[in-house]
Amino acid sequence: NPATGILMKGFSQWPDPLGLAATRDETLVEQFGDVARREYTAIGIRSALHPMADLATEPRWSRMAGTFGEDAALSARITAAYIRGFQGEKLGSGSVACMVKHFPGGGPQREGLDPHFAFGKEQVYPGDNFEYHLVPFEAAFEAGVEQVMPYYGVPMAQTSEDVAMSFNRDIITGMLRERYGFDGVICTDWGITEGPRLLGVEVMRARAWGVESLSVPERYAKAVNAGVDQFGGQESPRHLVDLVRAGKLAESRIDASVRRLLKVKFELGLFDDPYVDAADPETGTAEFVDAGREAQRRSVVLLEVGRLPDGAAALPVLGRPRLYVENVAEGVVVRYADLVATPEEADLAVLRLDTPYQPKGRGYLSKLFHHGDLDFKGKEKDRILTILESVPTIVDIHLERAAVIPEIAEAAVGLFATFGVADEIFMDAVFGVFNPSGKLPIELPSSMEAVRSQKEDVPYDSGDPLFEFGHGLSYE
């Protein structure tokens, strides 16, 4: 999703955050943070707008892949290890300052709709489970995280007014500053006061949920008075300057935020030596690449192993079969098997599938966020099941959200879940080059009816799940 994460060549490649959680290995996650820190600092990046400590309790949420799953205790352990890897025990000249997000937990979105858009601005708590979502953030504070980002959403019926997090004094001052004693930088998510402009024209609506009726200067004043220090995505201080000059904001209040921002820069050593060695960047080294590939291996989840027509176990695959594949690079396949063009010619089929979604809203940005139902439908579902019925088929589902795949699970002779894993790593798992060991960081519901009946703020609560949280097999 280029709106929330960009793949860059020249760096080590690791699984999605959900995949890091699937390893259940805090040491590995801290190693990831350390490698990423070294690659970031090599090119001059000193602040990271992550990790996402949000809990994926709503299986339809489009940003689930950026979380560490739905279990608060697991997410807390992984979040703390992640921050230690980036920041170290104490922020210094070799650190990258983390900005944990999205306080106080962006996961319980109504029907999974994301608050980048007006149709998804409500965070709801039908299970009265607000406090559960704070647990990973408490671990982040304990780990010494330097910065916090609230989300766009409105925590419905949780505070004295239904306004978005960054405008909400109960959240920013009452919880972050007073309850938790956090005195680091609080940075809003992007574009909450005014939308981006092109040639003087606003090209995207400001995400000022709950305060839409306020003027732009009034939105700035409300967020500052709520307790934020920095406005993500805003390019000009003119409104803040005007508010101070008009006596509507105290200059001492601005100074307090500036002091927090400068403190982080001094701790990072940016005023001592802000430069990098552009001739010899420490990125994509063999050591880093190998570590990322090992993490990908450790993240692969084996969901089920069936039997071939002759009664033999379908996995791991033995010999060199004739293989029909979808969404696996041909250059990778031929290392393991003889590639054929149709299922009818094959001994086995291998399908790599993405979690289904339905477009919601209009515009380029909304198309990048995968909303809606989690099950395959209509012709595409029939096409997949036809392949599974015609040839023994191994299926891998890339879980960017919690896919609903009961018919596929029943018909496949082997089923994997992966989280941003390269083709060659996946094929190594299929052919037994390594033994899968990952565990699901989320549950997989058995039906969309079960999804619609569960509560957005409660973990692993869908009825009769297809695969439970923590499920994962290995070859024996």
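The residues lining the largest cavity comprise seven nonpolar, three polar and four charged; here Ala, Val, Leu, Ile, Met, Phe, Trp, Tyr, Cys and Pro count as nonpolar, Asp, Glu, Lys and Arg as charged, and the others, Gly among them, as polar. The model is a predicted one, in which local features need pLDDT of at least 70 and side-chain atom pairs count only at pLDDT 80 or more, while totals for chains, interfaces and linings use all residues. Residues are numbered from 1 along each chain as its sequence is written, and side-chain values use heavy atoms, with hydrogens and water left out.

**The cavity**

Select Ala56, Thr57, Pro59, Glu70 and Glu443, which lie nearest the centre of the largest cavity among its 14 lining residues. A cavity is a set of points, on a 1 Å grid over the protein atoms alone, where a 1.4 Å probe fits but cannot get out; lining residues have an atom within 4 Å of a point. The space in this cavity is about 70 Å³, volume being the space filled by probe spheres set on the points, with grid points joined across faces, edges and corners. A search of the whole structure finds one cavity of 30 Å³ or more.

**The whole chain**

Next, display the protein as a cartoon. Its secondary structure comes to 15 helices and 14 strands, where helices (H or I, at least four residues) and strands (E, at least two) are DSSP runs numbered from the N terminus. The radius of gyration is 24 Å, close to the 23 Å that the globule rule gives for 476 residues, so the protein is as compact as a globular protein of that length. That radius is taken over C-alpha atoms, and the rule is 2.2 Å times the number of residues to the power 0.38. Along the principal axes, the C-alpha atoms fill a box of roughly 80 × 50 × 45 Å. Of the 476 residues, 54% are buried; buried means under 20% relative accessible area, exposed over 50%, and partly exposed in between (1.4 Å probe, protein chains only).

**The parallel sheet**

Now select E1, E2, E4 and E6, four strands that form an open sheet in the order E1-E2-E4-E6 with parallel pairing. At its edges are strand E1 (47–48) and strand E6 (185–186), each pairing on one side only. Two strands pair if DSSP finds at least two bridges between them. E1 and E2 pair over two bridges, and alanine 48 has cysteine 98 in E2 as its bridge partner. On strand E2 (residues 97–103), four bridges lead in the parallel sense to strand E4 (residues 147–150); there, lysine 101 stands opposite methionine 149 in E4. Seven of the seven residues of E2 are buried, so this strand is largely enclosed by the rest of the structure.

Remain at cysteine 98, which is buried at 0% relative accessibility. The structure holds zero disulfides, a disulfide being a pair of cysteine sulfur atoms within 2.5 Å.

**The mixed sheet**

Move to the open sheet of six strands, ordered E9-E14-E13-E12-E10-E11, with mixed pairing. Strand E9 (301–305) and strand E11 (338–339) are its edge strands, each pairing on one side only. Within this sheet, strand E13 (residues 393–398) and strand E14 (residues 414–418) run parallel and are joined by five bridges; aspartate 396 has phenylalanine 416 in E14 as its bridge partner.

**Backbone details**

Most residues other than glycine have a negative phi, and most peptide bonds are trans. Select phenylalanine 103 and proline 104: a cis peptide bond joins them, with omega about 0°. Proline 104 is in the loop between E2 and strand E3 (122–123). A cis bond also runs from leucine 315 to proline 316, with omega near -5°, and proline 316 is in the loop between E9 and strand E10 (322–326).

For positive phi in residues other than glycine, go to alanine 157, where the value is near 60°. Alanine 157 is in the loop between strand E5 (154–155) and H5 and is exposed at 67% relative accessibility. Finish at aspartate 464, whose phi is near 50°. Aspartate 464 lies in the segment after helix H15 (448–453) and is exposed, with a relative accessible area of 64%.

Note on methods
On a 1 Å grid over the protein atoms alone, a cavity is a set of points where a 1.4 Å probe fits but cannot get out, and a pocket is an open set with protein on both sides within 12 Å along at least five of seven lines; lining residues have an atom within 4 Å of a point.
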